[in-house]
Amino acid sequence: MPDMTRRRALTATAALAATAAVTALVAPVASAAGHDHDHPMPMPETFDEVYKGRRIQGRPTTAGTGGHHHEHGGGYEVLVDGVQLHVMRNADGSWISVVSHYAPVAGPRAAARAAVDELQGAPLLPFPTN
Amino acid sequence: MTVRKNQAALTADEKKRFVSAVLELKRNGRYDEFVRTHNEFIMSDTDTGERTGHRSPSFLPWHRRFLLDFEQALQSVDASVALPYWDWSADRTVRAALWAPDFLGGTGRGTDGRVMDGPFAGSTGNWPLTIRVDGRTFLRRSLGTAVRELPTRAEVESVLSIPTYDMAPYNSASDGFRNNLEGWRGVNLHNRVHVWVGGQMATGVSPNDPVFWLHHAYVDKLWAEWRRRHPGEGYVPAGGTPDVVDLNETMKPWNDVRPADLLDHTKYYTFDS
């Protein structure tokens, strides 16, 4: 095993703080928001619009917010009708979301719109799923 | 020894046994733990942080072990069952026997993507989706709509010809065989198949669709083919790489298996060809 990095130490702390039940298949440890390695790319702008009748919002997050323990700390938050959509930025600057995970799009707004398209009116569930 | 067969060559009895074993794992709750595990890794594997199941060199050994776990669970129900693989470069239309009602069922209906036939249709009551990202509890597909074409044999060949297993930065920006097979770079093999199927297969909870296992069994077979073509090339990185699973480092969630233990599939199963 490699030396425990600062990030892993923080991660372990976050995991200890998490109250999520541990299932028989042990979950991967999630990172705390904002403690990923430096992003060379600037954070996308905030957005807030109604798309196909649903409100989509996006905003940068600061370290320590969110409190989710089964996902990486994205540093950017997307909401669909007020429910957080898990999004992720790829190394090349493209974005994906948990409902469109294998098809990168240009930015978080495009990911939010793709999610609305995919949902076909269905409510998004808060993550982690259970 | 388990022999993994091309799904197109399965007998009616083999299909029936596979489906029955999958349905039993669903009924007893074990199936959904696989879905949950996959989604947890999908959401936590990042290009700039720790990455294990995806967008990293361990994409292939991680899924090999994940499929072994699933196959062993199937065999605990019916010892005769092995995971079939779907060669999507050959069986590339919605008319493939894979999608017939006696196996996985077909595409979803236009209005809401709901799969209407086969053993996994919502209407059967046997396939409720509990690990999900939205409110819909029925299996959905939209074969060939989000992307029109599955990869061709020529595209598969072009990826198999790449001599290097993986390259720094060992993520979705990498050149090399692993990332071209995974699909974040180049002609896009594995990712594109997820998108082509659509429905839950396009999401982090993709194992909700049983075709997940057949897709990954073929991705796994392509890794085996690549190793035969490039016998001098091994898994990289070999050591000391932050956030990345090196050759002799154990992988989560098992913590007792290394990529080095999984390079030779013949310890666990063989293929029909």
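Predicted model: local features only at pLDDT ≥ 70, side-chain atom pairs only at ≥ 80, totals over all residues.
Residues are numbered from 1 along each chain as its sequence is written, and local features need pLDDT of at least 70. Side-chain atom pairs count only at pLDDT 80 or more, and side-chain values use heavy atoms, without hydrogens and water.

Chain A has two helices and seven strands (DSSP runs of H or I, at least four residues, and of E, at least two). The order from the N terminus is α-β-β-β-β-β-β-β-α. Of the 130 residues in chain A, 44% are buried (under 20% relative accessible area, 1.4 Å probe, protein chains only).

The largest nonpolar core holds 95 residues (buried Ala, Val, Leu, Ile, Met, Phe, Trp, Tyr and Cys joined through side-chain atoms within 4.5 Å). Trp86(B), Trp88(B), Phe177(B) and Trp213(B) touch the most other members. Helix α7 (residues 211–229) of chain B gives the most to this core, namely 11 residues. Beyond its neighbours within four places in sequence, Trp88(B) is in contact (heavy atoms within 4.5 Å) with residues including Leu150(B), Val193(B), Tyr218(B) and Leu222(B).

In chain B, helix α2 (residues 30–44) packs against helix α3 (residues 59–77) at an angle of about 170°, the axes being 11 Å apart (lines fitted to C-alpha atoms over the stretch in contact, with angles from 0 to 180 degrees between N-to-C directions). α2(B) and α3(B) are therefore roughly antiparallel (angles over 145 degrees). Among the α2(B) residues that meet α3(B) are Tyr31(B), Phe34(B) and Phe41(B); those on the α3(B) side include Trp62(B), Phe66(B) and Phe70(B).

Definitions and conventions: Chains lettered and ligands numbered in written order. Buried < 20%, exposed > 50% of the residue type's maximum accessible area, 1.4 Å probe, protein only. Parallel < 35°, antiparallel > 145°, perpendicular 65-115°, else oblique.
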